[in-house]
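Biologist: I would like to learn how to read a model like this one. Could you take me through its features in turn?

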Amino acid sequence: LVKQFVQSREANAFYKTLQEFSGVESLFLQTQPGFIGGNISSDNDPNERILGLFEVTSVVTQRIFFNFEDIFPEEDPFSLSCEVREIGFSDPDLFTLITSGRWRYVDTNVTLFVYLIAPSRCVDCTFFGTTVEPDFWED
């Protein structure tokens with residue numbers, strides 16, 4: 001979410017001068033502060049010096065979405081090794097592979113009497129993340 005605040009030239013100069021006066025690196029390099037003129041004045045005494053600036057700004061908000069390729073144009077986001085493995089219906093390793101959590105069932109080939117399994121990271125979207133929508137999500 002990007003927010004753009006519009007600031008007047010007067011406000012920019014005021015805050016820039018205030019920053020210069022308060023940004024002290026060394027006691028011997030200190031800028032000698034003078035009066036920083038703002039747009040606030042005293043109703044009771046027009047000669048009284050008051051430090052401050054009153055301003056109303058506009059705000060423009062826009063949500064910007066990035067694709068993986070926008071940030072990493074040379075990389076493949078799906079460079080995982082995702083081989084599908086055939087394992088027989090009666091193979092004793094089938095139960096061990098599936099219950100380990102590293103492999104997931106993909107399909108069945110009844111003609112060849114095999115199950116097709118693949119690494120969990122290739123077929124389960126919750127392996128690397130969650131299915132809960134974040135609070136900033138927009139449909």
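Biologist: What share of the residues in the protein chain is buried?

Modeller: Happy to start there. In this predicted model, buried residues make up 12% of the 139 residues. The accessible surface of the chain comes to about 11900 Å², and carbon and sulfur atoms hold 53% of that area.

Biologist: How many helices and strands does the protein chain have?

Modeller: There are four helices and five strands, and along the sequence they follow the pattern β-α-β-α-β-α-β-β-α.

Biologist: And how do I read a sheet? In which order do its three strands lie?

Modeller: Strands of a sheet pair through backbone hydrogen bonds, either parallel or antiparallel. Here the order is β3-β5-β4, in an open sheet with antiparallel pairing. Because β3 (85-88) and β4 (103-109) each have a single partner strand, they stand at the edges, and one side of each is left without a neighbour in the sheet. From one strand to the next, the twist averages 35°.

Biologist: Over how many bridges do β4 and β5 pair?

Modeller: Six bridges join β4 to β5 (residues 114-119) in the antiparallel sense. Look for Asp107, which stands opposite Leu116 in β5.

Biologist: Why is Phe68 called partly exposed?

Modeller: "Partly exposed" covers the range between under 20% for buried and over 50% for exposed. Phe68 has a relative accessible area of 34%, so it belongs in that middle class.

Technical notes:
Residues are numbered from 1 along each chain as its sequence is written. This is a predicted model: local features need pLDDT of at least 70, side-chain atom pairs count only at pLDDT 80 or more; totals for chains, interfaces and linings use all residues. Side-chain values use heavy atoms; hydrogens and water are left out. Buried means under 20% relative accessible area, exposed over 50%, partly exposed in between (1.4 Å probe, protein chains only). Helices (H or I, at least four residues) and strands (E, at least two) are DSSP runs, numbered from the N terminus. Accessible areas come from the Shrake-Rupley method with a 1.4 Å probe; for residues, only the protein chains shown count as cover. Two strands pair if DSSP finds at least two bridges between them. Axes are lines fitted to C-alpha atoms, for helices over the stretch in contact, and angles run from 0 to 180 degrees between N-to-C directions.
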